[in-house]
Amino acid sequence: MEGTVDTWIDTLPEATASLDIALGPKEEADWTAEREFEQRLAECSPLAFRVALGVIHSHADAEDVAQEALVRAYRHFSRLRDPAHFQAWLVRVTWRLAIDRQRSAVRRERREQAALANEPLPLTVEQTALSREFQDRIERAVDSLPEKLRRVVILAAIEGYDTRETAALLGLPEGTVRSRLHRARQLLAEKLR
Amino acid sequence: MNCTRYQKWIKRAALDSLGASRQAKLDAHVADCAQCRGLLGTERQLAETINLALTASVSALPLPGFAERIRIRLAEESERARLRPSWIHTGWIPISAAGIVALATLLAVMWPAFRQRIQPQPSKQTVRTFAPNTSAPAASLPPPATHRAGTVVASVAAHGHMRSTTARAERAKANRSTRIEDDPPQFQVMVEPGQGRAILAAYRAAQSARVGVDELAQASDADEQPEKIKPIEVNPLVVAELYPEEPNKPAGN
């Protein structure tokens, strides 16, 4: 279905050309904006989802939040044509929506139920890290961090986002991001030791 | 061996934030110290586990069809927006809120002046006037004249206007930026007892902010004329009675 829509949009200019339909300036601008948004959607929807997931730790809720953030991005797309601006804006909005969602009691209950699931004892570092128990502990530890540290540690944990990328997304100097990251990891180690 | 200092460094080394020279010293120390080596191993393992867990917690991708679900939602929104009357737009909500706030602020600012206007008019016993076209502050204005049984003194500009001390007049006066250099001379009108209509006309005119001298004069010339003050009749002083002439004494007595 996704491919079908993409294909249809890709072939739109040819289709209109063969039908000899001339797009007016407004229609053409709208069509260009639609194309650009499609491109941003493909690039940034995983990022929005992961940011939301880093905050609320629930796939279903993270998808809801990412959807909402992207719909808002679509509404304000005329102001967000610059890709870097779009990404930073999307991260901010997703973060805010995820924080709001996190405060809902329903999500908290779901997480507590999931933490009760019985799992075998882990053996290796990877098994420990990926075990439900440790995941639950680290989620709680991350949740208890101050928001500015939390934001940095979650973004830096997303694959492909190093200190420089994180600084660009948050509009902060790299040095600030580095020191916050270090402080966040220190606190996490203290909580999980 | 003093391990306390190295134990602090070990925590930083596990997070890869120890300086190069200290790292070299620590490496040399842990090579000889089994306790610190074990501690460094534990701390590194913990840091690694945290990093892995953090990465794992945000490594998931949305379920397949995520982009398509967003497109469907956008299409639904567009359809809803199309069916919605054009005047109902979410943009109006903040605009309306801002308008209400602005109106409330304006009302709050205007309320004192408005209240002053709707207050009951002062009793007929009090007529407050002041001389117009003076740049003196309100505090230095002459005190209000009071209609008592005796005399009311009203200051009236010679060009024929009397202004009341309403808020509007005071504001206009305060806002006057240029001083009027050539103020017309002023004079005082003595209102005698019995000039009720004249006082009333002056009072009403003062309330409406302006009054013409002619009007005031006509009012005072109306049928209700003041009683003319009769000159005090003083009996001629009989000097002769006070100082009776003494009989001329014969000269030389």
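Biologist: Which residues of helix 10 of chain A are buried?

Modeller: Bear in mind that this is a predicted model; in helix 10 of chain A, which covers residues 163–170, the buried residues are A:T166, A:A167 and A:L169. Seen down the axis of this helix, the buried residues fall within an arc of 165°, so they line one face of the helix.

Biologist: And what do those buried residues pack against?

Modeller: They pack against three helices of chain A, namely helix 5 (83–102), helix 9 (147–157) and helix 11 (174–192). Helix 10 of chain A is itself followed by A:G171, which has a positive phi, near 65°.

Biologist: Switching to chain B, at what angle do helix 1 and helix 2 of chain B pack?

Modeller: Helix 1 (residues 4–14) and helix 2 (residues 20–32) of chain B pack at about 115°, and their axes are 10 Å apart. Since 65 to 115 degrees counts as roughly perpendicular, that angle makes helix 1 of chain B roughly perpendicular to helix 2 of chain B.

Biologist: Which residues make the contact?

Modeller: Helix 1 of chain B contributes B:Y6, B:W9, B:I10 and B:A13, while helix 2 of chain B contributes B:R22, B:Q23, B:L26 and B:H29. By class, the residues of this contact are five nonpolar, two polar and one charged.

Biologist: Last one: how many residues of chain B are in contact with chain A?

Modeller: On chain B there are 30, in contact with 40 residues of chain A. Helix 3 of chain B gives the largest share of the chain B side, twelve residues, and that side has 17 nonpolar, seven polar and six charged residues.

How values were computed
Residues are numbered from 1 along each chain as its sequence is written. Chains are lettered from A and ligands numbered from 1 in the order in which they are written. This is a predicted model: local features need pLDDT of at least 70, side-chain atom pairs count only at pLDDT 80 or more; totals for chains, interfaces and linings use all residues. Two residues are in contact if their C-beta atoms, placed from the backbone, lie within 7 Å. Helices (H or I, at least four residues) and strands (E, at least two) are DSSP runs, numbered from the N terminus. Ala, Val, Leu, Ile, Met, Phe, Trp, Tyr, Cys and Pro count as nonpolar, Asp, Glu, Lys and Arg as charged, and the others, Gly among them, as polar. Axes are lines fitted to C-alpha atoms, for helices over the stretch in contact, and angles run from 0 to 180 degrees between N-to-C directions. Angles under 35 degrees count as roughly parallel, over 145 as roughly antiparallel, 65 to 115 as roughly perpendicular and the rest as oblique. A residue is buried if 20 or more other C-beta atoms lie within 10 Å of its own, exposed if 12 or fewer, and partly exposed in between; C-beta atoms are placed from the backbone. The arc is that of the directions from the helix axis to the C-beta atoms.
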